[in-house]
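This report describes how two protein chains meet and then turns to a single residue. The sequence and structure are shown first.

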Protein chains: 2
Amino acid sequence: MSTTPKTADGERALHLEQFVPYRINVAAVFASRALARIYGEQFGIGIPEWRVIAQLGEFGRMTSRDIGELSQMHKTKVSRAVSGLDQRGLVARSENRADRRESFVSLTAAGARVYAQIVPLALAFEQRWTEGIAPDELRTFERVLAVLTERGRLLAGTYREDGA
Amino acid sequence: MSTTPKTADGERALHLEQFVPYRINVAAVFASRALARIYGEQFGIGIPEWRVIAQLGEFGRMTSRDIGELSQMHKTKVSRAVSGLDQRGLVARSENRADRRESFVSLTAAGARVYAQIVPLALAFEQRWTEGIAPDELRTFERVLAVLTERGRLLAGTYREDGA
DNA sequence: GCTGATTAGTTGCAAGTGAAACTAATGTCA
DNA sequence: TGACATTAGTTTCACTTGCAACTAATCAGC
């Protein structure tokens, strides 16, 4: 694939359309946009809200801090997403008497219904998106993706989107 | 890797941390952040500006429309990036007498110097980022990424970020 | 148990974003 | 030639975002 092109003076040249950080970004934008359509148009839910719902649906009651850590979101993003979902009655907050700084967030019955409706749509999207790709190639893809994610986290520096 | 987990009632369950659209997004965010550090801190340049410079450095004089098409950016994003770079003297605009709606954009000498400085840094980043990954695995990764990008473009609907 | 550091979460603010409307120029077709 | 559609690029607007500052609560060490 990349044949390490060089300029006349021996320097390696850059071709944006082959530059992996750029390419992964473009792919991510398309995937996000397609997914956002699904839960945006049909449920009026954005990506941060979706991530909150997904975490709560999977793990049950948890704090905003844990939601942010698991879903890789900045604490302000989590805060706003939870507030919005709370106002719309999809999640409920309950005080933690043992530590009154934090509060537990959980899906309401309405929120659980939304979760149950979105999950099959999300999985169907992933299915259509990766359809026809050989399973072993997909596994390789996912393995490399995991390496790049972890190394990217380091190269991005001390910053973590959960705010620490 | 993904063993297609199911819930008690036979429905496939969703695990966000294994959900490919989510994972690719997280990886993209880390990569963008790390790269943005490089040309942000050292050159005061953001991602859209960087993409404009990269295209002009690779292809020479071109219109904003073409820049947007090649670098997958919305025309308003291109417009703002070009304006900013123009004000800072890194690009110049020249009228196309044959079609006065559009204008040609090209790197100035200063812009070309910035380009020449950033390219090796960007390539070095990519190198560090993908270091240690077996070449054939990386090729598979890139091939699958290309498929996902193209299919994502379709699944995202008629929308194209270049505005058409 | 008191003082300073840390943590969970919220809010103000400035910057960035895309959709839609807009301007100016060009293309199309009768 | 004239009327209408299309295109390149800009601007306006509403919305999202992350950072920094903030509040309230808990922890650490003496």
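## Extent of the interface

Contact means heavy atoms within 4.5 Å. By that criterion, chain A contributes 69 residues and chain B contributes 69 residues. The model is predicted: local features need pLDDT of at least 70, side-chain atom pairs count only at pLDDT 80 or more, and totals for chains, interfaces and linings use all residues. Residues are numbered from 1 along each chain as its sequence is written, chains are lettered from A in the order in which they are written, and side-chain values use heavy atoms, with hydrogens and water left out.

Between them, chain A and chain B bury about 7000 Å², of which 65% lies on carbon and sulfur atoms. On the chain A side, the most area is lost to chain B by Phe30(A), Trp129(A) and Phe141(A), together 11% of what that side buries. Buried area here is the accessible area (1.4 Å probe) that two parts lose on being put together, summed over both.

The rule finds four salt bridges across the interface of chain A and chain B, each defined as a side-chain nitrogen of Lys or Arg within 4 Å of a carboxyl oxygen of Asp or Glu. A salt bridge joins the side chains of Arg143(B) and Glu137(A), at 2.6 Å from N to O.

## A residue in strand β1

Thr63(A) belongs to strand β1 (residues 62-63) of chain A; strands are DSSP runs (E, at least two residues) numbered from the N terminus. Thr63(A) counts as buried because its relative accessibility is 5%, the cut-off being under 20% relative accessible area (1.4 Å probe, protein chains only). Leaving aside neighbours within four places in sequence, Thr63(A) is in contact with Glu102(A), Ser103(A) and Phe104(A).

Conventions:
Helices (H or I, at least four residues) and strands (E, at least two) are DSSP runs, numbered from the N terminus. Buried means under 20% relative accessible area, exposed over 50%, partly exposed in between (1.4 Å probe, protein chains only).
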